[in-house]
Amino acid sequence: MRIRLFFVIMLIALTSQAFAQDLSEVVASGTPLITMKTVNNHLRLMEYALGTRLTTAQKEIFLNSVKTECSQMEPDEKKAFMEADILVASMTTMSRDQLEVVRNVLKSDFEENVGQGPSDPAAQLFTSVVNSVSKVVASTASESLSLQALEAFAEYIGYCRNLAGGDKKLSQAERDSLQKYVTASYEKWPLERRVSLSDFDGKWHMIKTALKFGKKEKIDAWTSKLSEIFKGTVNLEFSDTSIDKMILGSLWTEMTDVAIELGENALGWTATPTGLIW
């Protein structure tokens, strides 16, 4: 995907800075090399343009697509793909107003690229995430739950189950069962439960940040509590009781506070991210 970088730079007189992380793992060989730094920057720009956080599964789909697509690119096409690095570096010093201009340009650019061919991995992911963000699984007069937030919650469930020795990834049947239960029950849920999951795409990003970059003793304590959710569980079933067991509000708040201290935010642009949050 070619970001309209020239337009953005001419509009806002920017200076480029080095990216904060050393994300040097090679994704596509050749000249120039495509590394995880560029892949991560594309994902960060997409998250910012759409006002969401991508799930690990969505990031992995994009990474696999990039590995295939970039290996077939000509050098000029690779350089165009790497323009994301320059833009992200420039955004570290932008004001809120400038960032908002970039957000609008990015959204327009992604939308234009959607119709330019099915082989563009960024365009493919953009379409998928737009659908997930815009699809409302359940709602009341004051709250709503998007498919994107529910997919993030499904990943969280899988993570916790894996800590207890179970499968990390929910099967399609389990995800369908979760969605069916939520759709049928959401309106009857207490307000606190609805609010807990309403923006879980952002909450999951903060939880993952704390679990990866927090202090070891804290991570050990958190993972111990999260693993207890599924101790003794044979089959994954969804009910008000089981969902309340999975929602650990005070623990989530503690992890979110740590992520904030590390410089992250649930939704929005982070100028200097803590590290690779996958």
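Predicted model: local features only at pLDDT ≥ 70, side-chain atom pairs only at ≥ 80, totals over all residues.
Biologist: Which residues make the contact of α11 with α12?

Modeller: On the α11 side they are Ala-210, Leu-211 and Lys-212, while α12 brings Ile-219, Trp-222, Thr-223 and Leu-226. Sorted by class, the residues of this contact are five nonpolar, one polar and one charged.

Biologist: Why are α2 and α3 called oblique to each other?

Modeller: Helix α2 (residues 36–50) packs against helix α3 (residues 56–70) at an angle of about 130°, and their axes lie 11 Å apart. Since roughly perpendicular ends at 115 degrees and roughly antiparallel begins over 145, α2 and α3 are therefore oblique to each other. In this case the crossing is right-handed.

Biologist: Which residues of α2 and α3 meet?

Modeller: Met-36, Val-39, His-42, Leu-43 and Glu-47 in α2 meet Lys-59, Phe-62, Leu-63 and Val-66 in α3. The contact of α2 with α3 has six nonpolar residues, one polar residue and two charged residues.

Biologist: How do you know that helix α5 is largely enclosed by the rest of the structure?

Modeller: A residue counts as buried when its relative accessible area is under 20%, and seven of the eight residues of α5 (residues 83–90) are buried, so the helix is largely enclosed by the rest of the structure. Those buried residues are Glu-83, Ala-84, Asp-85, Leu-87, Val-88, Ala-89 and Ser-90. For the protein chain as a whole, 50% of the 278 residues count as buried.

Biologist: What makes Tyr-181 and Trp-189 an aromatic pair, and why is the pair called tilted?

Modeller: A search of the whole structure finds twelve aromatic pairs. Tyr-181 and Trp-189 form one of them, with 6.0 Å from centre to centre and 45° between the planes; the limit for pairing is 6.5 Å, and planes from 30 to 60 degrees apart are neither stacked nor edge-to-face, so the word is tilted.

Biologist: Why is the pair of Tyr-186 and Trp-189 tilted?

Modeller: The ring centres of Tyr-186 and Trp-189 are 5.4 Å apart and their planes stand at 50°, so this pair is tilted.

Biologist: How do you know whether Tyr-181, Trp-189 and Tyr-186 are buried or exposed?

Modeller: The cut-off for buried is under 20%, and Tyr-181 has 11% relative accessibility, so Tyr-181 counts as buried. Trp-189 counts as buried at 2%, and Tyr-186, with a relative accessible area of 0%, is buried as well.

Biologist: Which residues form an aromatic cluster?

Modeller: Phe-153, Tyr-156, Tyr-159, Phe-200, Trp-204 and Trp-252 form one aromatic cluster.

Biologist: Which peptide bond is cis, and what is its omega?

Modeller: The bond that joins Thr-31 and Pro-32 is cis, with omega at about -10°. Pro-32 is found in the loop between β1 (26–28) and β2 (34–35). In general, most peptide bonds are trans.

Biologist: How many helices and strands are there in the protein chain?

Modeller: The protein chain has 14 helices and four strands. Among its contacts with a separation of 6 or more, 73% come from residues 24 or more positions apart.

Definitions and conventions
Residues numbered from 1 in each chain as written. Heavy atoms only, no water. Contact = heavy atoms within 4.5 Å. Helix = DSSP H or I, 4+ residues; strand = E, 2+ residues; numbered from the N terminus. Nonpolar A, V, L, I, M, F, W, Y, C, P; charged D, E, K, R; others polar. Axes fitted to C-alpha atoms, helices over the stretch in contact; angles between N-to-C directions. Parallel < 35°, antiparallel > 145°, perpendicular 65-115°, else oblique. Left-handed = near helix turned anticlockwise from the far one by under 90°. Buried < 20%, exposed > 50% of the residue type's maximum accessible area, 1.4 Å probe, protein only.
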